[in-house]
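Here's a quick tour of one protein model with a ligand in it. Have a look at the inside first, then at the ligand site.

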Amino acid sequence: MAPAAITPERTPSPETASDLIKDGMKSNILKTAPAVSNGNIQDGLLEDLNASLLQTTLTTQPCSVPLPDSAESVATKTCTDHMVTCSWHSTHGWSAPQLVPYGPLSIMPSASVLHYATECFEGMKLYRGYDGKLRLFRPLLNCRRMLKSTARIALPGFNPEELLKLIIRLCAVDGPKWLPKDRPGHFLYIRPTMIANDPALGVQAPKEALLFILLSCFPDMSKSATTGKPGLKLLASKEDTCRAWPGGFGHAKVGANYGPTLVAQGEARRRGYDQILWLFGDRCRITEAGASNFFVVWKTREGRTELVTAPIEDKIILDGITRRSVLELVGERLIGVIDVVERHFEMGEIVEAIEEGRLLEAFAAGTAFFVAPVAEIHFRGMDLRIPMSEGDSGPYAGMIRRWLEHVMFGMTEHRDWAVLVDE
Ligand SMILES: *Cc1c(COP(=O)(O)O)cnc(C)c1O
């Protein structure tokens, strides 16, 4: 057909294109997890993920627990004794979940995930409180976000509350041994994951998938890995790279977002920086830092104090649970002291704020890095020093960090945000 046959009316506008993805995601959830839509099973063929069917086989070869922040923990290769797995097939839905000894998975070399990046994950922590209790932090938000990620890449839907029950069960089995009561203030990293293990090589929405949950030893990453001191050193991304773009999938925790960032991350490390500060577009709009959200605190020229972070509406950045918690806490507790602002902001504004002495502090926030003050940003030949007026942090990052720590480790009881794991 001649190109002239394509009339302008038939070329999808950007809105129609994104509706295509939105409609596709909705129908995928309806098709694969009927209970998510309204609690009724609409398609009799499919069962929903059901945690009450969990079958347990305990290990006969328990491992020893490494010390927190030992070389073994830092290597992030040590997982606890057990994992949860659950398989899904398009014709019969979710099977009974299994809690089994941690070990290798078996998938075919032609499996969809190995060729088409049909993988998504979550990152959460299990905390051993100073009151001796085990806690999760706002875990249902992670489970809901995982559902959004699966829908973005044609993986099956599920009821997020059932995923949470499976996570809690695994934490109840391995938490007591791997986070001993006499070592409060430590955590395990929780990695719920879904992959398409469909062995069909054709490029198509997968008909088979595997959900698994593992618990891993993980270091405290809130200090600079390059200097060993508080204060991250960030390297701004170059003109020729970006992490995510409008209409893409930067807002989903899909593996495809991370592999392609590792060259830049490796270069940052070689040059003595901890993370990449991901910029977007010709005006160097600030998005996120590594796998965490990025915040600045500055004085406006009118003299107001603002906490500024990038907005989530254009779906370029991840809707971080730490980000959301920071915005909510500061909005509630520092009302009238500091304005919470979600908007596009650019490197030029940071450079100006530093030159005019208005930049108060900057920090990164996410589950892995927690609340990590930023000490320096290298941007296009400039070394920008960020104030850390309390030595190891700025005043706001320090305060926010303590507020969150108090909830996570049980110094403040928070009915909604902290979920106790009974052991
Ligand atoms: C996971 C992640 C975050 C942080 O999200 P939290 O829910 O706070 O852990 C931020 N940005 C990216 C790209 C991430 O992958």
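## The largest cavity

Start with the lining of the largest cavity: by class it has 6 nonpolar, 5 polar and 1 charged residues. Here Ala, Val, Leu, Ile, Met, Phe, Trp, Tyr, Cys and Pro count as nonpolar, Asp, Glu, Lys and Arg as charged, and the others, Gly among them, as polar. Among the residues that line this cavity are K125, Y127, I321, T322, T367 and M408. The largest share of the lining, 3 residues, comes from β6, and both β6 (124–128) and α8 supply at least two residues.

The volume of this largest cavity is about 110 Å³, and the structure holds 4 cavities of 30 Å³ or more. A cavity is a set of points, on a 1 Å grid over the protein atoms alone, where a 1.4 Å probe fits but cannot get out; lining residues have an atom within 4 Å of a point. Points are joined across faces, edges and corners, and the volume is the space filled by probe spheres set on them.

## The ligand site

This is a predicted model: local features need pLDDT of at least 70 and side-chain atom pairs pLDDT 80 or more, while totals for chains, interfaces and linings use all residues. Residues are numbered from 1 along each chain as its sequence is written, and side-chain values use heavy atoms, with hydrogens and water left out.

The ligand is surrounded by 14 residues, and K253, Y258, E288, T322 and T367 are the closest; to be near, a residue needs a heavy atom within 4 Å. By class, this shell has 4 nonpolar, 6 polar and 4 charged residues.

As for polar contacts (N or O pairs within 3.5 Å), a ligand oxygen sits 2.6 Å from a side-chain N or O atom of T367. Another entry for the list is K253, with a side-chain N or O atom 2.8 Å from a ligand oxygen. I321 uses a polar backbone atom, 2.8 Å from an oxygen of the ligand. Taken alone the ligand exposes 380 Å², and the protein buries 97% of that (Shrake-Rupley method, 1.4 Å probe). β13 (292–299) and α8 (321–333) each give two or more residues to the shell.

## Overall build

The protein has 10 helices and 19 strands, taken as DSSP runs (H or I, at least four residues; E, at least two) numbered from the N terminus.

How values were computed
Polar contact = N/O pair within 3.5 Å; in protein donor to acceptor, adjacent residues only side chain to side chain. 1 Å grid on protein atoms, 1.4 Å probe; cavity = no way out; pocket = protein on both sides within 12 Å on 5 of 7 lines; lining within 4 Å.
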